Amino acid sequence: MISHITIITDIIGVNLSAKLNLIQRSELGQFLTPATVAKFMAGQFNNLSGHISLLDPGAGVGTLTAAFVVQQLLNSHQVESCFLTAYEIESTFISSLEKCLIECCRALENKGIKADYSVKQESFINSLTANNLPLFNNASQNFTHAIINPPYKKINSQSIERNQLSKLGIETVNLYSAYVWLTMLQLAEHGEMVAITPRSFCNGAYFRPFRQAFLQKMSLQKIHVFDSRDLVFSEDDVIQENIILHAIKTEYQDNYIQISINSEIELDQVSEIRLVPYHQIIEKDNPENFIHIITNYLEDTLKVQMDKFPSSLEELGLEISTGPVVDFRLKSALRNFLNDQTVPLIYPESIK
């Protein structure tokens, strides 16, 4: 039954993803989670026991939920009940999602675990602004666990989503951080969250409100980094620097955060694990709440040296921006020789 669930969701996911054209994918901002990544994510939770209530706010065909259920089946003697809540707005996925959740509940019940599910075919954001935000007001509906592959799409300042989020006091610029923020608010105390997201929220002014809210309510436990930017969603030709984070809803912060990195050969194979002091990743006195993900000892050494610099870039009259100047987009502006009208194009490898 375990292999049956994971194999079925993987096959369904590939087939249905192929049916969505590039325009639909862009509009949704959602790419289905590969089974290997889902399995790795489900294995990050600390506590799978007692009465479990899972939230999957962008469920697709149910791959993440199925992987989570598989983990429960491996510890079935510790689980008493499980309720699965899945949000999915894309109608193409609903039938397959229903079948997946039925299989999940059947597998749990075969192990003596009371199980049920709910599929909500609606926008995760829209649902929380309807009916006076029931999920916020009813403590009994708080989730013990959440597993998330949120949509990645910028939020237009004039959009309905932006207006709805503002009513909730949520100010952010991308759907992925909005989903994580909303999920965080619905977790029970000591509830756990595992999410795969872009790394961009770790710094920058745009994500400052999100970082501040997240770090006030959540304790980061683990961060997993991928070697290659095109490794995770390679079947969808997505190039994005993703991380997987595991956090617990509590104001207490552990002394260490586990940082792991995967092998480029095996998507879910961890090649290195480090325990890094919390204050090295999140400096308590930094008002920006930047999250410094140090993946190896060389980066650690470089950070120590940089922290000793007597001046900031602003004090030196320097500004740095990543992204606007890319050589392959500005071929007509490239020159082979310097003159009075040119400036050097600096690459990362130019800086030692």
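Helices (DSSP runs of H or I, at least four residues) and strands (runs of E, at least two) are numbered here from the N terminus. Residues are numbered from 1 along each chain as its sequence is written. This is a predicted model, where local features need pLDDT of at least 70 and side-chain atom pairs count only at pLDDT 80 or more, while totals for chains, interfaces and linings use all residues.

Let us start with confidence. The protein has a mean pLDDT (the predictor's confidence in each residue, from 0 to 100) of 82, and 81% of its residues reach 70 or more.

Where pLDDT is low, the predicted coordinates should not be read in detail.

Now for a pair of helices. Helix 3 (residues 35-42) and helix 4 (residues 63-74) have axes (lines fitted to C-alpha atoms over the stretch in contact, with angles from 0 to 180 degrees between N-to-C directions) that come within 8 Å and cross at roughly 45°. Among the residues making this contact are Ala 38 and Met 41 of helix 3, and Leu 64 and Phe 68 of helix 4.

Leaving aside neighbours within four places in sequence, Arg 199 contacts Val 225, Glu 241, Ile 243 and Ile 293. Along the chain Arg 199 and Ile 243 are 44 residues apart, yet 5.9 Å separates their C-alpha atoms.

Methods. Side-chain values use heavy atoms; hydrogens and water are left out. Contact means heavy atoms within 4.5 Å.
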